[in-house]
Amino acid sequence: MASEPKAPFWLAVWAVILGLVALAAWRAGMFGERPGQPQRPAPVAGGGPGGGGLSGGAGEGGAEEPMTEAPDVAVPTTVKEYTFKPAEKLPPVKGVSGYKPMVDDTVRFALNVWAGWSPIIHANGGFKPGKVWQAPGGKPFKVELVLIDDPVQMRDAYAAGEVHIGWATLDMLPLFVDSFAKDSRIMPRVYQQVDFSNGGDGIVVRDSIKTVKDLAGKKLVMAQNSPSQFFALNMLVAGGLQPADVEMIYVTTAFEAAAAFNRDKSIAGCVSWAPDIYNLAEAKGNRMLVTTQTANRLIADVWFARADFAKDHPDVIEAIVRGIFDAMGDLKSEEAKKSVAQLMADGYTIPAADALSMLGDAHSTNWAENYQFFINRNNPANFERIWKQAYYLYRRVGAIANNPVPFDQVMDFSVIQKLGLEPKYLETKDEYAATLVPKTVAEIRAENDEILTNTIVIHFFPNSANLRKKVIRRLDGQDVEEPYDPRVDLVVDEVAALAEQFGNARIVVEGHTDGSMKGSVPAAMVKELSLERARAVKDAIVEKFKLDDNRFAVDGLGWDRPADDDHPDNHALNRRVEIKVYSAEKE
């Protein structure tokens with residue numbers, strides 16, 4: 001039997017291990033920082049911008065901190081659920097229910113002419129209340145699908161109790177709830193997302209309009225207080241324009257917007273939907289600027305029940321949610337698509353061929369995608385974010401004057417949460433992720449059309465690309481370690497929301513620096529710093545939100561392109577990152 005190793009042998013082994021650790025720490029210090037870790041910046045006269053009272057983070061300029069935690073190879077989750085229960089947030093229903101009673105146990109479900117309603121049409125076997133549904137407790141009921149294409153008429157029928165369930169794109173609801181908030185019985189309860197618009201909405205422009213920014217000072221026609229207006233406002237703000245920079249021409253419907261654009265050549269752009277947008281884009285002198293095939297997580301169709309109806313019939317609500325999800329699975333077959341196209345043609349009074357072609361304009365959102373939309377707080381394109389963005393945009397144009405109704409007073413994810421306990425729904429996957437191969441910046445610019453540029457400002461520490469840079473500030477006689485730019489997380493979230501809304505687009509992250517050291521340092525060195533800053537922003541987004549890295553490319557332009565040619569020495573303005581969105585629809 002071999003004798004046991006002597007103690008000095010083990011001491012030698014530990015010495016080797018510690019030596020390797022020290023070598024690794026030394027190499028990390030020599031060859032640059034890692035995101036989120038302290039770095040050694042080049043000395044800055046006066047202790048940093050603004051003079052004294054500011055210095056590098058703890059440990060900088062001295063010995064490396066010893067390793068205090070073992071490496072962790074586990075992959076962190078990007079899901080963070082809302083911790084409240086819907087019942088804790090939703091306002092209580094007061095008074096006697098005010099909706100018209102169900103006749104022959106029939107629920108009246110309003111919808112509009114839109115492909116996204118194909119699952120409920122399929123589940124119900126058409127518009128008429130023929131099929132007998134079964135609630136979870138066994139109670140039978142029927143559903144009548146009521147076509148009300150005008151959102152104002154639908155709102156009024158819903159408020160009067162003539163329909164029990166209403167339709168909307170989520171961005172439209174803030175326009176309704178201001179008037180509903182006075183009566184708790186009609187406050188909407190949103191239970192399910194049925195789709196994301198997937199090419200059915202778009203902006204058609206004249207050939208002279210190359211990007212969103214080119215719409216400045218031009219006329220843009222759209223239907224007011226509609227998904228078209230929300231789509232347009234999002235594009236303008238994301239593209240660096242204010243709504244006031246564009247002359248808005250409002251009409252009643254998207255069809256009228258298309259007709260006005262076709263008739264009046266002084267109008268530079270039109271916001272409408274299929275098939276008009278495709279017919280207009282094919283006309284000589286016009287082009288498609290963007291559609292929801294690229295901005296594919298922006299316009300979400302939902303249905304909502306009156307609060308008093310939902311309180312009285314929770315089993316019916318659950319059965320409808322289940323029926324729609326199950327129908328989404330059925331509609332993956334070509335036979336079911338042809339069948340529902342005929343049902344849509346009968347209900348919408350359109351040719352069956354047109355109904356069938358409409359199906360591609362909407363992406364049905366299964367349980368997994370509803371979970372991401374309703375329950376995952378970290379989803380940059382979830383219910384809460386779209387709700388708040390709608391309020392922000394509509395208040396800017398004066399469409400909403402009152403204080404916002406909190407999102408959690410209309411969002412009810414209780415049924416989605418309950419269905420997640422069943423393998424049938426829990427095992428579904430997010431099927432709406434675009435698959436793109438990596439491309440260089442040069443390839444993206446050569447092969448894809450740019451849609452917009454969004455400029456963001458992150459205050460980087462001089463000579464640093466570290467987003468999480470910590471500095472020591474002197475406060476009340478004490479040294480306090482603080483982030484150099486405390487807004488970094490907010491800015492990263494903003495960029496992630498943009499990238500997620502444009503889920504089928506190429507994203508180029510451009511880094512820029514100021515020209516304060518022109519003539520003193522090589523331009524190549526400055527470009528490398530700007531490239532590292534762009535890469536830091538891209539990496540932070542991809543890592544935090546687990547977005548597809550292949551969609552992104554980075555570029556460093558150094559001081560070559562000032563933000564304002566008239567003021568090239570505005571250093572604070574020039575230290576920036578720009579996010580450029582390119583259409584990938586032709587790939």
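I began with Asn225, which I found in the loop between strand S8 (219-223) and H6. Helices here are DSSP runs of H or I with at least four residues, strands are DSSP runs of E with at least two, and both are numbered from the N terminus. I read phi of Asn225 as near 55 degrees, a positive value in a residue other than glycine. Most residues other than glycine have a negative phi, and most peptide bonds are trans. Asn225 counts as partly exposed because its relative accessibility is 34%. The cut-offs are under 20% relative accessible area for buried and over 50% for exposed, with partly exposed in between (1.4 Å probe, protein chains only).

Note on the source. I am working from a predicted model, in which local features need pLDDT of at least 70, side-chain atom pairs count only at pLDDT 80 or more, and totals for chains, interfaces and linings use all residues. Residues are numbered from 1 along each chain as its sequence is written, and side-chain values use heavy atoms, with hydrogens and water left out.

Overall counts. I noted 20 helices and 19 strands in the protein. Of its 587 residues, 49% count as buried. The accessible surface comes to about 27,700 Å², and 54% of that belongs to carbon and sulfur atoms. Those areas come from the Shrake-Rupley method with a 1.4 Å probe; for residues, only the protein chains shown count as cover. I also looked up contacts (heavy atoms within 4.5 Å). Among contacts between residues at least 6 apart in sequence, 78% join residues at least 24 apart.

H6 and H14. I took the loop of Asn225 on into H6. Helix H6 (residues 227-238) packs with helix H14 (residues 383-396) at an angle of about 85 degrees, and their axes are 10 Å apart. That angle makes H6 roughly perpendicular to H14. From H6, the contact is made by Gln229, Phe230, Leu233, Asn234 and Val237; from H14, by Ile386, Gln389, Ala390, Leu393, Tyr394 and Arg396. I sorted the residues of this contact into seven nonpolar, three polar and one charged. For the sorting, Ala, Val, Leu, Ile, Met, Phe, Trp, Tyr, Cys and Pro count as nonpolar, Asp, Glu, Lys and Arg as charged, and the others, Gly among them, as polar. The axes are lines fitted to C-alpha atoms, for helices over the stretch in contact, and angles run from 0 to 180 degrees between N-to-C directions. Roughly perpendicular covers 65 to 115 degrees; under 35 is roughly parallel, over 145 roughly antiparallel, and the rest oblique.

H19. The buried residues of H19 include Val526, Leu531, Ala534, Val537, Ile541 and Phe545. Helix H19 (residues 523-545) has 23 residues and reaches 33 Å from its first C-alpha to its last, close to the expected 33 Å. The expected span is 1.5 Å times one less than the number of residues. Just after H19, I noted a positive phi of about 55 degrees at Lys546.

H11. Helix H11 (residues 334-348) has 15 residues and reaches 20 Å from first C-alpha to last, close to the 21 Å expected. Its buried residues include Val340, Met344 and Tyr348. Their cover includes S2, H3, strand S4 (140-147), helix H10 (314-330) and helix H12 (352-358). Thr349 follows H11 and has a positive phi, near 60 degrees.

Loop residues. I placed Asn112 between strand S2 (106-111) and helix H3 (118-124). Asn112 is buried, with a relative accessible area of 10%. Leaving aside neighbours within four places in sequence, Asn112 is in contact with Trp117, Leu147, Ile148, Asp149, Trp167 and Tyr348.

I found Thr365 in the loop between strand S13 (362-364) and helix H13 (367-374). Thr365 counts as buried at 1% relative accessibility. Not counting residues up to four places away in sequence, Thr365 touches Gln193, Val194, Asp195, Phe196, Phe325, Met328 and Asn370.

Last, I checked a peptide bond: Ala274 and Pro275 are joined in cis, with omega about 0 degrees. Pro275 is in the loop between strand S10 (269-273) and helix H8 (276-282).
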